[in-house]
Amino acid sequence: MTLTMSIERGLTLVNAFNKETFIFSGPLDDPTTARFDLRLEQGGSGGGNALVHVHPGADEHFLVRKGRIKVVISGKEQSIGPGERAVVPRGQPHFFANAGEEPAEFTVEFTPAQQHLRFFANFASIAAKRTHWFSKQGDPHFLLIALLLHTYRNHLYLAGPPILLQKILFRILAPLARLKGYRMEIDPAG
């Protein structure tokens, strides 16, 4: 892998597909907490076009500052507004989206941090720079998903298929993805 960018405090990345803007405001490579701010425009979704996913090794916390978001955890929807929080316990299938008619601004935090900051910076950077790796609807090509989820294994998986099956499949497909030209923008930390 070749490192082509680094994460610095204040880095802002826009994923136009999901109508989301990431602002990397929290500690960088802190082992306990990964934190970033997110702005979702009206109709915006988080988690790859509201793709239901799981974080097997970390809890995900949301704190809304402006607007309203919905967080759907294991099929149950919560609507949270300014000053309100939601927590997604590790391993629970979930997604989130803007639930209002104005932009929503909130903080996302993972505990423990693992390398979620690098994972999301990668995804947002790739979505901004390599739009041809996505469908017109904003869905990442499957080989890109395989490479990203294999590179940052144990951080995020698709809800539904067994995680062990995904690990095996993504391990097999990651070298093919690299042969096809897919690559990460940010290497995982050593």
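This is a predicted model: local features need pLDDT of at least 70, side-chain atom pairs count only at pLDDT 80 or more; totals for chains, interfaces and linings use all residues.
1. Nonpolar core. The largest nonpolar core holds 50 residues, and those touching the most other members are Phe 24, Phe 36, Phe 62, Ile 69, Val 71 and Phe 106. At least two residues of this core come from each of strand 3, strand 6 (59-66), strand 7 (69-73), strand 9 (85-88), strand 11, helix 1, helix 2 and helix 3. Helix 1 gives the most, with 8 residues.

2. Aromatic pairs. The whole structure contains 16 aromatic pairs. One of them joins Phe 36 and Phe 110; it is tilted, with 6.4 Å centre to centre and 35 degrees between the planes. Phe 36 is in strand 3 (residues 34-40) and Phe 110 in strand 11 (residues 104-111), so this pair links distant parts of the chain, 74 residues apart. Phe 36 counts as buried because its relative accessibility is 2%, under the 20% limit. Phe 110, at 0%, also counts as buried.

3. Because Phe 36 lies in strand 3 and Phe 120 in helix 1, the pair ties together parts that are 84 residues apart in sequence. Both residues are buried.

4. Ring cluster. Which residues do ring pairs link into a cluster? They are Phe 22, Phe 24, Phe 36, Phe 110, Phe 119, Phe 120 and Tyr 152.

5. Helix 2. Helix 2 (residues 142-151) is largely enclosed by the rest of the structure, because 9 of its 10 residues are buried. The buried ones are Leu 143, Leu 144, Ile 145, Ala 146, Leu 147, Leu 148, Leu 149, His 150 and Thr 151. They pack against helix 1 (116-129), strand 12 (157-158) and helix 3 (163-179).

6. Surface patch. Leu 164, Ile 168 and Ile 172 form a nonpolar patch on the surface, and together they have about 320 Å² of accessible area. Ile 172 lies in helix 3. With a relative accessible area of 58%, Ile 172 is exposed.

Note on methods
Residues are numbered from 1 along each chain as its sequence is written. Side-chain values use heavy atoms; hydrogens and water are left out. Buried means under 20% relative accessible area, exposed over 50%, partly exposed in between (1.4 Å probe, protein chains only). Helices (H or I, at least four residues) and strands (E, at least two) are DSSP runs, numbered from the N terminus. Contact means heavy atoms within 4.5 Å. Rings of Phe, Tyr and Trp (its six-membered ring) pair if their centres lie within 6.5 Å; planes under 30 degrees apart count as stacked, over 60 as edge-to-face and the rest as tilted. Patches are made of residues with over 30% relative accessible area and no salt bridge: like charges are joined within 9 Å, nonpolar side chains (Val, Leu, Ile, Met, Phe, Trp, Tyr) within 5 Å. Accessible areas come from the Shrake-Rupley method with a 1.4 Å probe; for residues, only the protein chains shown count as cover. A salt bridge is a side-chain nitrogen of Lys or Arg within 4 Å of a carboxyl oxygen of Asp or Glu. A nonpolar core is a set of buried Ala, Val, Leu, Ile, Met, Phe, Trp, Tyr and Cys residues joined through side-chain atoms within 4.5 Å.
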